[in-house]
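Please have the sequence and the model open side by side. This report walks through selected parts of the fold.

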Amino acid sequence: MRHSAVVTLTMNPALDVTADADQVLPTEKIRCRAERYDAGGGGINVARFIHALGEPVSAVFAAGGSTGSRVIDLVNAAGVPNTPVPIGGSTRESFTVNERTTGRQYRFVLPGPVVNAAEQDQCLDALRRAAASARFVVASGSLPPGVRPDFYQCVADVCRRADARLILDASGGGLTHVTSGVRVLKPSVRELRECIGRPLDTEAEQIAAARELIARGMTDAVVVSLGSQGALVVESSRSERVPAIAANTVSGVGAGDAMVAGMVVGLLRGWALGRAVGYGTAAAAAKLQTPGTSAFSLTDVDRLFGNSVKTGSESVIISS
């Protein structure tokens, strides 16, 4: 695998299957059409989107069984250099149905295969080799069954030794067991609430919770994704709100991964974190307009970002 500025890690990838149906009803056979297949899982999506934005990236991911082989083929077809780590279990599938009569989207997600201790170590070894020349490592997505709770802390330790900056987008136990070594943590409000262990109903409470994680030494900065409301960018002495960019939604799957991809590309360009997140919201808006988890075009992202800059809607400073 060639050297890349960004390396992504996906421990629980998926073969993403998307299809349309007129109506989703209980007990009935749902006749689907217009099916498409994409390589999915947080880090794989981020890698595909960074590649679409024209930056060098490579993907490390666990893969097993026939679905794992299909995921590898799709990543190769996307032009992303990759290091698949073989596992004994079969890579999961995720299934999304677009209900055409209502515009609703139904997502069905499987837990993934058990990944044993030896396979976990092989994934860390592959990451260690890939990260040796990387500026950023993006670890994204859920942890599959069997993975030790502090696995993402092990990833942070690998990044520290490689002098690569870690962007972490995780949830549940994978997040709560991280204690140090993260450059940017990107939780949703729900994930931040689970990590802190208390309700976070107001923006002030969300900022305070993010600063609590920074004060613990867990991360240098926190980007709280707010869905259609954009994102909060929180650093130790500064916070700002980055609004979302309006878009006609075709599929919401992968929009959060697109935001991470755009943010990382902005950081590669040497931008301040708030501006980088603004580019991430442009990437997310572009992703909303594509089917399944398919990638967007660089032209669309640059146009959306340029428009947000022209209208002065990049961000609002909350405190400094």
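## A buried threonine in a loop

At 1% relative accessibility, Thr293 counts as buried. Buried means under 20% relative accessible area, exposed over 50%, and partly exposed in between, with a 1.4 Å probe and protein chains only. Thr293 lies in the loop between α9 and α10. Helices (H or I, at least four residues) and strands (E, at least two) are DSSP runs, numbered from the N terminus. Contact means heavy atoms within 4.5 Å. Not counting residues up to four places away in sequence, Thr293 touches Asp16, Asp38, Ala39, Asn45, Arg48, Phe49, Val253, Gly254 and Lys287.

This is a predicted model: local features need pLDDT of at least 70, side-chain atom pairs count only at pLDDT 80 or more, and totals for chains, interfaces and linings use all residues. Residues are numbered from 1 along each chain as its sequence is written, and side-chain values use heavy atoms, with hydrogens and water left out.

## Helix α1

Helix α1 is mostly covered, with nine of its 11 residues buried. Among them are Asn45, Arg48 and Phe49. Gly54 follows α1 and has a positive phi, near 90°.

## Aromatic pairs

Rings of Phe, Tyr and Trp (its six-membered ring) pair if their centres lie within 6.5 Å; planes under 30 degrees apart count as stacked, over 60 as edge-to-face and the rest as tilted. By this rule the count comes to six aromatic pairs. The ring centres of Phe49 and Phe296 are 5.2 Å apart and their planes stand at 35°, so the pair is tilted. The pair links distant parts of the chain: Phe49 is in helix α1 (residues 42–52), and Phe296 is in the loop between α9 (273–288) and α10 (298–310), 247 residues apart. Both Phe49 and Phe296 are buried.

Trp271 and Phe305 have ring centres 5.5 Å apart and planes at 15°, so this pair is stacked. Trp271 lies in the loop between α8 (255–268) and α9, and Phe305 in helix α10, so the pair ties together parts 34 residues apart in sequence. Phe305 is buried, at 6% relative accessibility. Trp271, Tyr279 and Phe305 form one aromatic cluster.

## Charges over rings

A charge sits over a ring if NZ of Lys or CZ of Arg is within 6 Å of the ring centre and within 35 degrees of the ring normal. The charged end of Arg269 sits over the ring of Tyr279, 4.8 Å from its centre. Arg70 lies over the face of Tyr37, at 4.7 Å from the ring centre.

Two strands pair if DSSP finds at least two bridges between them. Four strands form an open sheet in the order β3-β2-β6-β7, with mixed pairing. β3 and β7 (105–109) stand at the edges, each with a single partner strand, so one side of each is left without a neighbour in the sheet. The twist averages 15° from one strand to the next. β2 and strand β6 (residues 92–99) run parallel and are joined by eight bridges. Asp16 has Ser94 as its bridge partner in β6.

Helix α2 (residues 65–77) lies across β2, β3 and β6, running at about 85° to β3. Axes are lines fitted to C-alpha atoms, for helices over the stretch in contact, and angles run from 0 to 180 degrees between N-to-C directions. Glu35 is found in strand β3 (residues 33–40). Glu35 is partly exposed, at 49% relative accessibility.

Asn12 lies in the loop between β1 (6–10) and β2 (14–21). Asn12 is buried, with a relative accessible area of 3%. A polar contact is a pair of N or O atoms within 3.5 Å; within protein, one must be able to donate a hydrogen and the other to accept it, and residues adjacent in sequence count only if both atoms are side-chain atoms. The side chains of Asn12 and Ser142 are joined by a polar contact of 3.2 Å. A polar atom of the Asn12 side chain also lies 3.0 Å from the backbone oxygen of Pro111.

Strand β11 (residues 219–225) pairs with β12 in the antiparallel sense over four bridges. Val224 stands opposite Leu232. The hairpin of β11 and β12 has five residues between the strands, and Gly227 takes a positive phi near 65° there.

β12 also runs antiparallel to strand β13 (residues 239–242), joined by four bridges. Val242 in β13 is the bridge partner of Ala231. The β12 and β13 hairpin has four residues between its strands.
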